[in-house]
Amino acid sequence: MGCPIQILLLLALVVCNTSNLVLGQKHVGGEGLQLSSCPYETIQITQSSVDPLPGGLPQHLVVICNICSTNCIVSHVHLSCGAFSSAQLIPPNDFRRVRYNDCLVNGGRQMIPGDCISFNYAESFPYPLAVSSVECKSNPRGLKHHH
């Protein structure tokens with residue numbers, strides 16, 4: 001196989017949950033953000049095979065994107081991930097297993113439309129990854145992150 005094979009694992013509609021927002025969580029840079037619920041939004045997860053590690057262990061590229069088309073901001077994106085592990089270090093601020101079948105994307109931080117997190121992991125077989133929960137808020141002015 002000369003070319004990486006891209007596998008679309010999930011294109012899931014995510015019901016935006018604003019109940020935690022109403023309970024008074026503070027949002028940094030929250031100016032212009034509406035705490036109403038977003039329309040149904042989409043988190044896209046793709047995995048593809050990439051070149052193996054020098055010892056021959058397969059590597060997998062994961063890309064997780066906020067593909068919302070209505071200026072929504074997602075945060076606290078959790079994936080069901082089984083006993084996810086990797087022989088290769090993954091930056092924990094990008095992706096980490098919190099507990100069995102619960103992995104956190106982007107350290108829980110906000111992802112504006114078009115934001116993607118990508119990482120490689122090394123394991124014999126790809127892990128099935130699917131969105132298990134996400135928080136969402138609308139961003140009517142199209143505000144961007146201040147880095």
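Ser75 touches Gly108, Arg109, Gln110, Val134 and Glu135, leaving out residues up to four places away in sequence. Ser75 sits in strand E4. The residue is buried, because its relative accessibility is 7%, under the 20% limit. The side chain of Ser75 also makes a polar contact of 3.3 Å with the side chain of His76. All of this is read from a predicted model.

Confidence comes before detail. The protein has an average pLDDT of 74. Of its residues, 66% score at least 70. Where is confidence lowest, and where is it highest? Strand E1 (residues 6-14) has the lowest mean, 27. Strand E6 has the highest, 98.

Where pLDDT is low, the predicted coordinates should not be read in detail.

## Strand E6 and its partners

E6 pairs with two strands named here. Two bridges join E6 to E4, and these strands run antiparallel.

E5 and E6 form a hairpin with two residues between the strands. Asn101 takes a positive phi near 65° in this hairpin.

Which way do the residues of E6 point? Asp102 and Leu104 point one way, while Cys103 and Val105 point the other way. All four are buried.

## The disulfides

A disulfide is a covalent bond between the sulfur atoms of two cysteines. The protein has three disulfides, counted by sulfur atoms within 2.5 Å. Here they are, with their sulfur distances.

| Pair | S to S distance |
|---|---|
| Cys65 and Cys116 | 2.0 Å |
| Cys68 and Cys72 | 2.2 Å |
| Cys81 and Cys103 | 2.1 Å |

Number the bonded cysteines in sequence order and the pairing reads 1-6, 2-3, 4-5.

Take Cys65 and Cys116. Their disulfide is right-handed, because the torsion about the S-S bond is about 110°. The pair links distant parts of the chain: Cys65 is in strand E3 (residues 59-66) and Cys116 is in strand E7 (residues 116-122). The two cysteines are 51 residues apart. Is each end buried or partly exposed? Cys65 is buried, at 8% relative accessibility. Cys116 is partly exposed, because its relative accessible area is 43%, which lies between the 20% and 50% limits.

Now Cys81 and Cys103. The torsion about their S-S bond is about 90°, so this disulfide is right-handed. The pair also links distant parts of the chain. Cys81 is in the loop between strand E4 (72-80) and strand E5 (95-99), and Cys103 is in strand E6 (residues 102-105). They are 22 residues apart. Both ends are buried: Cys81 has 1% relative accessibility, and Cys103 has 0%.

That leaves Cys68 and Cys72. Cys68 is buried, with a relative accessible area of 8%. Cys72 is buried as well, at 0%.

One further cysteine deserves a look. Cys136 is buried, with a relative accessible area of 1%.

## The nonpolar core

In soluble globular proteins, nonpolar side chains tend to be buried together. In this model, the largest nonpolar core has 21 residues. Which members touch the most other members? They are Ile64, Leu79, Phe84, Phe95, Phe119 and Leu129. Several strands supply this core. Strand E2 (41-50), E3, E4, E6, E7 and strand E8 (130-138) each give two or more residues.

Leu79 shows what such a position looks like. Leave aside its neighbours within four places in sequence. Leu79 is then in contact with Ile45, Ile64, Phe95, Asn101, Asp102, Cys103, Val105, Leu129, Ala130, Val131 and Ser132. Several of these names have come up before. Ile64, Phe95 and Leu129 are among the core members that touch the most others. Asn101 is the hairpin residue with the positive phi. Cys103 is bonded to Cys81.

Conventions
Residues numbered from 1 in each chain as written. Predicted model: local features only at pLDDT ≥ 70, side-chain atom pairs only at ≥ 80, totals over all residues. Heavy atoms only, no water. Buried < 20%, exposed > 50% of the residue type's maximum accessible area, 1.4 Å probe, protein only. Pairing = 2+ DSSP bridges. Core = buried A, V, L, I, M, F, W, Y, C linked by side-chain atoms within 4.5 Å. Contact = heavy atoms within 4.5 Å. Polar contact = N/O pair within 3.5 Å; in protein donor to acceptor, adjacent residues only side chain to side chain. pLDDT = per-residue confidence, 0-100.
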